[in-house]
Amino acid sequence: MLALRRLPRFTPRLAGIRGNATLEAAAQPQADAPPPPPPSSVTAKSSATAEDASGNANANISESAQGKNGGGRQKSVHAPREWCRPIAKGVEPAYDYALRYILKDASFMRNKLERVRAAVEAEEKKPEGERDEAALEEMREQVRIMEIQSEVNLPDVRWKARNGLADMSKPIYRHLVEQQWREEGDLDLLMERIYQMNVVPDMLPALHPSFDLRVKFSEPPPENNYLRTRVKRKLKQVEPGIFLVSEQTRRPPELSMTLFHTDTRLYTLLMVDLDVPDPEKRTFTTYLHWLQPNIPLSAFTTTPSVPLNTHTPYVPPHPQRGTPYHRYVLLMLPQASPTEAIDIPVVEESDRLGFNYREFAAKYGFDGARGGGAHMWREVWDETVSHIYQHTLKKEEPRFGRMPRPDPYAELKREKKYL
């Protein structure tokens with residue numbers, strides 16, 4: 001005798017539920033699913049007014065905002081490349097009304113933007129003596145603001161900015177990506193670690209990053225010695241301030257960045273160790289690990305387009321045995337002239353130790369308060385450092401330790417206790 005299990009009542013409705021990755025599930029109504037509630041008279045009247053007001057100028061944005069895919073091209077349901085509605089039309093009238101309101105506001109702002117652009121063009125056509133330069137500059141600023149306001153609330157625009165599909169040639173996407181970097185914790189974490197680890201003021205007096213600089217090193221080696229040479233380690237993004245092992249940093253890191261200016265500007269890359277012991281002065285000094293000037297960057301370059309090891313080559317970090325953790329700071333600083341290359345001599349091996357960043361910055365016009373990118377991490381000595389000294393630096397590895405405390409009873413210990 002078979003035992004039958006009865007399905008719950010809500011099972012037929014599951015096929016009608018639609019998420020961001022579902023394109024056709026809610027297209028065909030289910031027989032057992034209840035019909036959606038009819039919109040009220042106020043909602044219907046408002047929707048008709050919004051549709052009439054938007055007109056033909058709003059047709060393209062309406063298609064993209066409703067999540068329609070044109071051209072007959074199939075989209076992957078696992079990784080959709082276009083925004084689609086989280087719920088079907090008519091399921092939630094309040095959502096439909098809010099979406100129409102956003103489209104109506106975007107259309108209004110675009111019309112206003114076109115009028116201001118026309119006024120700017122008319123003012124620019126006047127002879128130089130008859131132009132009102134103050135009013136012209138004010139209108140240009142209004143254009144820059146309204147270019148963002150006209151699209152900032154569109155769901156498909158915000159979805160693309162959130163999912164790495166931003167077109168950085170458009171002001172709206174640059175604004176949203178920069179806002180996300182500044183307000184959602186990435187910049188806060190970087191600055192917290194820089195100030196907690198006293199990079200400011202130990203290395204430079206002020207630092208105000210203007211773009212997102214990301215660093216990738218290989219993953220930590222496996223603890224199993226058998227797997228160390230048999231497992232291919234992937235690159236992993238480094239969180240600012242964390243500890244890395246020397247085997248991860250034997251090769252130069254992979255750098256990627258997100259900038260927010262469309263013009264190409266020149267930057268200089270520096271990597272400095274702030275905690276090299278100086279036994280003669282009984283203090284700590286610095287060591288220059290990497291230097292590369294004249295790197296062109298803009299909002300359209302996510303990685304450097306020039307080789308980074310042609311000036312002062314990369315030397316892997318090698319924290320000395322017996323010393324506390326070392327702070328390694330990576331800076332990408334804007335040059336004094338954004339378009340003119342500067343001539344910096346190659347730093348010799350003997351001059352890397354004791355590298356004075358403040359004198360270097362004063363000589364060539366670098367200032368961390370004017371922007372740029374920054375990153376940092378920490379390391380301590382391990383056995384890999386000995387290999388770096390032997391095979392890369394090819395010199396004897398130094399060893400440090402704490403000075404022994406003087407024994408106040410040394411004289412008494414040398415005397416006989418009993419006669």
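This is a predicted model: local features need pLDDT of at least 70, side-chain atom pairs count only at pLDDT 80 or more; totals for chains, interfaces and linings use all residues.
## The three-stranded sheet

Three strands form an open sheet in the order E2-E1-E3, and the pairing is antiparallel. E2 and E3 stand at the edges with a single partner strand each, so one side of each has no neighbour in the sheet. From one strand to the next, the twist averages 30°.

Strand E1 covers residues 212-218 and pairs with E3 over 5 bridges. Within that pairing, arginine 214 stands opposite serine 256 of E3. E1 joins E2 through 3 bridges, again antiparallel. Here lysine 216 has glutamine 237 in E2 as its bridge partner.

## Aromatic pairs

The model holds 9 aromatic pairs. One of them joins phenylalanine 243 and tyrosine 325: the ring centres are 5.7 Å apart and the planes meet at 85°, so the pair is edge-to-face. Phenylalanine 243 lies in the loop between E2 and E3, and tyrosine 325 in the loop between E5 and E6, so the contact ties together parts 82 residues apart in sequence. Phenylalanine 243 is partly exposed, at 43% relative accessible area. Tyrosine 325 is also partly exposed, at 34%.

A second pair is formed by phenylalanine 355 and phenylalanine 360. Their centres are 5.4 Å apart and their planes stand at 55°, so this pair is tilted. Phenylalanine 355 and phenylalanine 360 are both buried. Ring pairs extend the group into a cluster of Phe355, Phe360, Tyr364 and Phe366.

## Charges over rings

Tyrosine 325 has a further contact. The charged end of arginine 378 sits over its ring, 5.0 Å from the centre. Another case involves tyrosine 226: the charged end of arginine 230 sits over that ring, 3.9 Å from the centre.

## Salt bridges

The count comes to 22 salt bridges. Among them is the contact of arginine 327 with aspartate 275, at 2.9 Å from N to O. This pair links distant parts of the chain: arginine 327 is in strand E6 and aspartate 275 in strand E4, 52 residues apart. Arginine 327 and aspartate 275 are both buried.

Arginine 265 meets aspartate 263 at 3.0 Å, N to O. Arginine 265 is partly exposed at 33% relative accessibility, and aspartate 263 is partly exposed at 37%. Aspartate 407 and lysine 413 form a bridge at 2.8 Å, N to O. Aspartate 407 is partly exposed at 37%, whereas lysine 413 is exposed at 62%. Shared partners also join Glu124, Glu137, Arg140, Glu141 and Arg144 into one salt-bridge network.

## Tyrosine 173 in helix H6

Tyrosine 173 belongs to helix H6, which runs over residues 171-183. Is this residue buried or exposed? Tyrosine 173 has a relative accessible area of 6%, so it counts as buried.

Which residues does tyrosine 173 touch, beyond those up to four places away in sequence? The contacts are Val157, Lys160, Ala161, Ala166, Asp167 and Met168. Valine 157 is 16 residues from tyrosine 173 along the chain, with 7.6 Å between their C-alpha atoms.

Definitions and conventions
Residues are numbered from 1 along each chain as its sequence is written. Side-chain values use heavy atoms; hydrogens and water are left out. Two strands pair if DSSP finds at least two bridges between them. Helices (H or I, at least four residues) and strands (E, at least two) are DSSP runs, numbered from the N terminus. Rings of Phe, Tyr and Trp (its six-membered ring) pair if their centres lie within 6.5 Å; planes under 30 degrees apart count as stacked, over 60 as edge-to-face and the rest as tilted. Buried means under 20% relative accessible area, exposed over 50%, partly exposed in between (1.4 Å probe, protein chains only). A charge sits over a ring if NZ of Lys or CZ of Arg is within 6 Å of the ring centre and within 35 degrees of the ring normal. Axes are lines fitted to C-alpha atoms, for helices over the stretch in contact, and angles run from 0 to 180 degrees between N-to-C directions. Contact means heavy atoms within 4.5 Å. A salt bridge is a side-chain nitrogen of Lys or Arg within 4 Å of a carboxyl oxygen of Asp or Glu.
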